[in-house]
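Here's a quick briefing to read alongside the model. Take a look at the structure first, then work through the notes below.

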Amino acid sequence: MSVEHLTCPEDLARLRLQSARQTAEDTVTIAVCMDTCCCAKGAEDVWSAFETAIGIAAERGLHIELKRTACHGLCERGPLVIIAPGDILYQNVKPENVTQIVEETVVGGRVLESLIYEDPETGKKTASPSEIPFYTKQMRLVLRHNGAIDPESIDDYVAVGGYDALAKVLTEMTPEQVIAEVETSGLRGRGGGGFPTARKWRSCRAAEGSPRYIICNGDEGDPGAFMDRSIMEANPHAVIEGMIIGAYAIGSPQGFVYVRNEYPLAVRRVRKAIEDAHEHGLLGDNILGTGFDLDITINRGAGAFVCGESTALMASLEGHPGEPRAKYVHTVEVGLHGKPTCLNNVETWANVPAIISRGGKWFASIGTEGSKGTKVFSLAGKIRNTGLVEVPMGMTLREIVCGIGGGIPDGKRLKAVQTGGPSGGCIPEHLLDTPVDFDQLYDLGSMMGSGGLIVMDEDTCMVNVARYFLTFLREESCGKCTACREGTAQMCDILNRICAGEGREGDVELLLDLCQILEDAALCALGTSAANPVRSTTRYFRDEYDQHIRDHYCPAHDCRGLFSYEIVVEECRGCGACLKECPVEAISGEKRKPHALDQSLCVRCGACFDACSFSAIARVKPRVGSIASAAVQVEGS
Amino acid sequence: MATVTIDGRKVEIGEDRTALEAAHAAGVEIPTLCYHPAIDPYGACRLCLVEATLRGRTRMVTSCCYPVREGLEIATDTERVKVARRGVMELLLARAPQSESLRELAAGMGVREPRFPTVTRADHDCILCGLCVSVCSEVMGVAAISFASRGVERVVATPFLKPADSCVGCGACAAVCPVGAIHLQGTDGQVEVSPFNTRLPMTRCEECNAPITGLPFRERLEKELRPELAGALRICDSCKRSRAAAVVKKSSHLNRLAAVSTPAKGE
């Protein structure tokens with residue numbers, strides 16, 4: 001279809017009718033998820049196989065539409081394919097399944113049992129997403145069009161009502177009314193801080209200086225977080241529409257989307273969305289003939305975690321090294337190039353069109369007293385359904401992890417949930433009935449963060465978790481301020497020692513003193529919140545620290561060397577597998593008779609544990625001193 | 001003008017000034033490392049922390065870059081401030097335990113030995129305060145040195161760690177360094193800016209032959225200054241003082257004036 005330049009809101013309405021008519025036909029649609037997760041699992045090959053199969057089918061007079069969509073959420077089981085009509089979700093689809101899908105399902109109308117969802121608990125098979133607990137328990141607002149629209153097609157977005165909110169804003173609302181509507185909605189920033197969006201917009205609008213800038217922060221960098229990437233890959237036009245509405249409310253002629261370069265697909269799709277919006281007259285001069293002008297450009301970040309911090313991001317946009325500055329004067333007053341600047345997160349912007357279309361009151365009816373709307377989370381770690389979910393604020397963490405996430409695999413016990421990325425904290429299992437809410441998570445010593453949710457089971461050592469995050473923060477500290485650069489390095493040093501069994505009495509107190517120094521003295525939020533992983537793990541799992549330090553024992557059996565191996569005589573069949581694997585000949589015994597492990601020789605490498613098929617090797621608390629004598633013997637031999 | 005209270009003392013100060021400047025005006029001492037009056041505040045060393053209370057809200061801020069506002073209250077001597085400053089000092093001292101000037105400043109704050117080991121490597125005791133980098137770019141307009149790498153790897157360096165072509169040998173970096181990490185050394189008619197490995201032709205005093213500065217720096221100043229002043233660039237500070245003293249000596253009028261206005265010892 002040729003590009004249509006929309007010169008008035010009526011043009012937009014006409015395009016919507018036209019696009020909707022095209023997609024509403026009775027044709028069979030095969031939607032292949034083509035986001036980063038599914039592509040990593042081979043979705044591109046599946047796509048090519050479908051192209052070939054559909055080409056062949058077309059020769060027989062069958063018309064099948066192949067559609068590129070983005071994240072369906074159930075990333076664990078990608079590549080995902082949805083077939084309509086019928087709403088059949090196929091998972092783990094491989095190119096060799098494609099011909100069968102076309103012949104059996106599309107032509108024959110039969111569901112392929114081997115490709116549909118099977119409940120891990122009950123074994124019950126379900127074909128439709130509307131019956132899978134992973135989907136039924138969610139509330140999808142930001143992600144509502146995922147799986148239905150092609151993220152690279154502006155017509156698709158317009159067909160589902162896209163840019164209607166923009167037309168409404170430009171023709172029926174004053175900037176003040178837009179801000180008031182967002183205020184009514186109670187929307188708070190989704191990037192981590194949870195600052196009220198309307199208040200930020202109002203301050204920026206009121207600030208002196210010209211021009212004003214708006215920025216979309218897509219520099220998501222928390223380990224295990226991929227909400228913003230998925231939104232940009234799945235529905236880039238929603239982000240762009242939100243930004244145009246925000247720019248109108250604030251009075252800004254220039255916007256920037258800052259995306260990390262490690263997200264090439266997100267960069268490509270946002271860039272295409274901007275280009276298409278320009279061509280359609282939804283960006284640029286005189287948008288929809290209303291006299292409002294806005295340009296948006298995309299900038300790629302070079303992979304520094306700290307550039308997710310607003311002042312560092314702005315320094316980076318200006319071409320300087322990505323280092324933060326003190327925010328004693330807010331960026332809404334003095335931001336990019338010294339001008340008033342409003343920076344919001346991807347998910348925040350993506351929420352705006354729905355708030356305008358359906359009203360702030362509707363949005364405020366979802367969620368809790370202080371946190372309105374929904375929140376997108378990425379589930380990662382020791383959880384069955386790794387993926388992307390969206391839930392109303394106020395849902396408990398347990399419901400998200402055990403209900404939607406499907407619980408912990410391999411019959412393990414749930415231990416803790418980490419929220420908020422490196423700046424957040426670990427929430428222990430007994431507090432998981434806490435509702436998801438900015439303020440309640442903060443009270444628990446964690447934070448909402450941008451929405452990364454890492455699940456930990458009984459095999460996860462909480463000291464090691466703190467060590468992991470501090471190592472990350474030490475690597476990502478920009479090095480500008482003393483407290484963060486030196487403080488994170490010192491905390492890492494102590495945590496490394498503890499995990500190596502070299503902890504000393506007083507180490508935890510020293511760590512907590514360092515937490516205080518960072519909280520009081522660091523320049524930016526990366527530094528002040530670097531204390532959180534240690535704060536929360538010492539608060540809820542102090543006992544694990546003490547056992548590491550006093551007993552040289554890691555109760556989760558995670559820190560190598562801080563637990564020993566023993567042969568469980570009753571279980572040992574004398575197969576000899578461990579004996580063969582042991583690098584220091586610490587195991588002896590005859591065939592078909594229980595073996596014995598000599599602790600004075602054992603170096604605790606774990607080779608026997610991995611080799612045993614009969615659970616006959618146990619991990620136990622070590623007898624003090626045995627590792628040292630073992631090490632000496634190994635060195636001497 | 002804004003009225004600001006520093007440790008209970010009220011001062012009137014312009015609204016474009018900082019909490020640190022207000023403290024100076026009130027005669028209150030605040031330790032600093034990365035602050036210099038000629039350079040834009042950078043807020044990196046974190047030593048000048050104070051508690052700032054504005055509209056009922058108290059928070060820790062670095063006074064060097066915190067702008068004053070009407071009614072601002074600053075507390076420089078609270079327990080929280082002292083603990084945080086000592087903590088920062090310990091971290092710095094752990095980084096550069098050999099630095100004499102750092103030890104001296106630390107002792108003044110009651111810090112003898114840090115509780116932490118040395119885990120980050122400081123080249124020549126450099127504490128990365130950034131004064132040298134700022135003076136080179138902001139004041140001299142040269143930018144021969146800048147920060148390179150990130151986090152604990154961060155260093156002050158010339159581009160690609162090669163001798164800097166743009167360096168004029170002015171020595172401002174060495175002059176502002178609070179820990180003496182940078183030196184200008186004269187050897188074989190050249191001036192070497194250490195540790196940056198940058199060598200430049202040296203100018204010498206036309207009277208006593210003492211080394212003065214890098215030749216590019218003099219050439220630049222000669223272009224910028226009026227010719228009658230540019231002559232002063234060719235003699236060293238010491239000889240300039242001798243010349244000035246000789247002029248003063250000749251003037252009996254000035255001698256008399258000096259006798260009247262200089263109080264005798266003991267008064």
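In helix α8(A), E181(A), V182(A) and S185(A) meet V352(A), I355(A) and I356(A) of α14(A); contact means that the C-beta atoms, placed from the backbone, lie within 7 Å. This is a predicted model, in which local features need pLDDT of at least 70, side-chain atom pairs count only at pLDDT 80 or more, and totals for chains, interfaces and linings use all residues. Residues are numbered from 1 along each chain as its sequence is written, while chains are lettered from A and ligands numbered from 1 in the order in which they are written.

**Helix packing in chain A**
- Helix α8 (residues 175-185) and helix α14 (residues 346-358) of chain A pack at about 100°, with their axes 10 Å apart; helices (H or I, at least four residues) and strands (E, at least two) are DSSP runs, numbered from the N terminus.
- That makes α8(A) roughly perpendicular to α14(A), a label for angles of 65 to 115 degrees; axes are lines fitted to C-alpha atoms, for helices over the stretch in contact, and angles run from 0 to 180 degrees between N-to-C directions.
- The residues of this contact split into four nonpolar, one polar and one charged. Nonpolar here covers Ala, Val, Leu, Ile, Met, Phe, Trp, Tyr, Cys and Pro, charged covers Asp, Glu, Lys and Arg, and the others, Gly among them, are polar.

**Where the chains meet**
- On chain A, 26 residues are in contact with 30 residues of chain B.
- α19(A) gives the most to chain A's side, with eight residues.
- By class, that side of chain A has 12 nonpolar, five polar and nine charged residues.

**A sheet in chain B**
- Four strands form an open sheet in the order β8-β9-β10-β11 (chain B), with antiparallel pairing; strands pair if DSSP finds at least two bridges between them.
- The edge strands, each pairing on one side only, are β8 (183-187) and β11 (211-214) of chain B.
- From one strand to the next, the twist averages 40°.
- Helix α6 (residues 215-224) of chain B packs on the sheet and touches β10 and β11 of chain B, its direction making about 60° with that of β10(B).

**Nonpolar core**
- I127(B) and C132(B) touch the most other members of the largest nonpolar core, which has 258 residues. Such a core is a set of buried Ala, Val, Leu, Ile, Met, Phe, Trp, Tyr and Cys residues joined through C-beta atoms within 7 Å, and buried means 20 or more other C-beta atoms within 10 Å of a residue's own.
- Helix α11 (residues 236-250) of chain A gives the most to this core, with 10 residues.

Key
Buried ≥ 20, exposed ≤ 12 C-beta atoms within 10 Å, placed from the backbone. Contact = placed C-beta atoms within 7 Å. Parallel < 35°, antiparallel > 145°, perpendicular 65-115°, else oblique.
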